[in-house]
Amino acid sequence: MLRGDTPNLRGPEGQEAPMGSERSERRFDSAHLHQFKMQNLKLKIKNFSFCLIILIFVFWVLNLSGCATLPPTQKALPTYSLNGTKYFPLISFCEQEGLTWDYDIFTKVITLEKNSQKIILRPKETIVLVNGSEKNLHFPVEIRQGIVLLPLSFKAQIFDPLFKPVSVGRLPAGPPLCKIRKIVIDAGHGGKDPGAIGRTGLREKDVVLDIARKVARRLEKAGKEVILTRSTDVFVSLERRVEIANRNNADIFVSIHANANRARSLSGFEVYCLSNSVDDFSRALAFAENNNSLNLEDTSFYNSSSDLKAIVWDMVNTSNRQEAQELARYLCRRISSELGVKTNGTKGGPFYVLKWTQMPAVLIEVGYLSNPAEEKMLNSGLYRQQIAEHIAAGILDYCQDFISVVKK
Ligand SMILES: [Zn+2]
């Protein structure tokens, strides 16, 4: 029942109904009743429309404020980790960056397009065609449960240079912008400290010096400033190695060693970072690497403070550690994919030179001198050249990708 149906009516203007004869009053009431009903109905419709407009407005404001706080372009992409490499879903990336995509299920070719720029890629492959020219991703495009995944470096390597070039004014003239300019290459052992010795008498100090020099040469060719902690067969204390890196404000520190173990069957390439969680194997290796040199040192550095042995972990810059782990992954990736050598992955170990250097630092074990096959390989100059080439390439890959982080 409408509110205006009450017999004692007031008009919308608030006037009393006029008085007269009973009949005319009844006729008058009936006409007015109908008129009032109509007016009230119109009023209701007006009120309803007004409420509807208010509701729409409120929704619009809420929606707008949601957009303002979380614009779609700033939403973090979901990431997945595959074999230690981070990936994000292609579709989410396309939605975020406004790319159109097409996946040909027969040829397995994925085409991404935006502003007449075209990127073509395929799952399981590192080759990408950018407007027809070939580029190489550091990690392959993957597909898992029907979801195409792009390596995180796709953005820095392919997408950003194409769609978000850095303005020329911000770039310094001369060599390309890169935070990593100064690299310390540390050849382990030397002089009176031979390091590990293989069955045929191949000494770690000689193998790693040769590789370190070759890595240095390759990096210098690429425009990097390289500092070798030793360039000849001399003994350099661990303390001195750290001092060289820290005094020179190096951007990264790469120590090169060769491994040895009683188990002759052990083989492979390993990269170590400083880590809190280490297994007994890493601990033993670090103990051997540290003490080989420390026992031969003239200083009584370690003897003076037993605490130093205990506090291997603390005081370490977290970001340096994270960057070192990234660098280690790049190195392993290069060695396993291009040299075809078994890599035992990235490991954590309490190595002296990793602990005290004030920059991202890694320690590479290029192979096992205790393994007859690897000793034979490491005895070959050509093999050492290849190892050096790929270590340098891994470092340069890392430097290249690091640019994008610095630019942000
Ligand atoms: Zn060593």
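**Entry 1: Val362 and the cores**

I looked up the contacts of Val362, counting two residues as in contact if their C-beta atoms, placed from the backbone, lie within 7 Å. Setting aside neighbours within four places in sequence, I found Val362 touching Val254, Val271, Tyr272, Cys273, Ala324, Leu327, Ala328 and Leu331. Val362 is also listed with Ile183 and Leu331 as having the most contacts inside the largest nonpolar core, which has 63 residues. I took a nonpolar core as a set of buried Ala, Val, Leu, Ile, Met, Phe, Trp, Tyr and Cys residues joined through C-beta atoms within 7 Å. Helix 12 (residues 381-407) gives this core its largest share, ten residues. A second, separate core has 14 residues, among them Val141, Leu149, Leu150 and Phe159.

**Entry 2: what kind of model this is**

This is a predicted model, in which local features need pLDDT of at least 70 and side-chain atom pairs count only at pLDDT 80 or more, while totals for chains, interfaces and linings use all residues. I number residues from 1 along each chain as its sequence is written. pLDDT is the predictor's confidence in each residue, from 0 to 100. The average here is 77, and 72% of the residues score at least 70. I noted residues 167-177, where pLDDT stays under 50 and the model has five contacts beyond four places in sequence. Residues 295-316 also stay under 50, with 16 such contacts. Where pLDDT is low, the predicted coordinates should not be read in detail.

**Entry 3: overall counts**

I count helices (DSSP runs of H or I, at least four residues) and strands (runs of E, at least two), numbered from the N terminus. The protein has twelve helices and 15 strands. Of its 408 residues, 32% are buried. Buried means 20 or more other C-beta atoms within 10 Å of the residue's own, exposed means 12 or fewer, and partly exposed lies in between, with C-beta atoms placed from the backbone. Among contacts with a separation of 6 or more, 70% join residues 24 or more positions apart.

I followed an open sheet of four strands in the order 1-2-9-8, paired antiparallel. Strands pair if DSSP finds at least two bridges between them. Strand 1 (80-82) and strand 8 (142-144) are the edges; each has a single partner strand, so one side of each lacks a neighbour in the sheet. On average, neighbouring strands are turned by 45° against each other, direction ignored. Strand 2 (residues 85-89) and strand 9 (residues 147-151) are joined by three bridges. In this pair, Phe88 is opposite Leu150 of strand 9. Helix 2 (residues 90-97) lies across strand 2 and strand 9, at about 65° to strand 2. For such angles, axes are lines fitted to C-alpha atoms, for helices over the stretch in contact, and values run from 0 to 180 degrees between N-to-C directions.

**Entry 4: loop residues**

I checked two non-glycine residues with positive phi. His189 has phi near 60° and lies in the loop between strand 10 (182-187) and helix 4 (204-221). His189 counts as buried because it has 26 C-beta neighbours inside 10 Å. Asn249 has phi of about 50° and lies in the loop between helix 5 (238-247) and strand 12 (252-259). Asn249 is exposed, with 10 other C-beta atoms within 10 Å.

I then went to Ala263, in the loop between strand 12 and strand 13 (269-273). Ala263 is exposed, with 9 other C-beta atoms within 10 Å. Its C-alpha is 8.1 Å from that of Asn371, 108 residues away in sequence.
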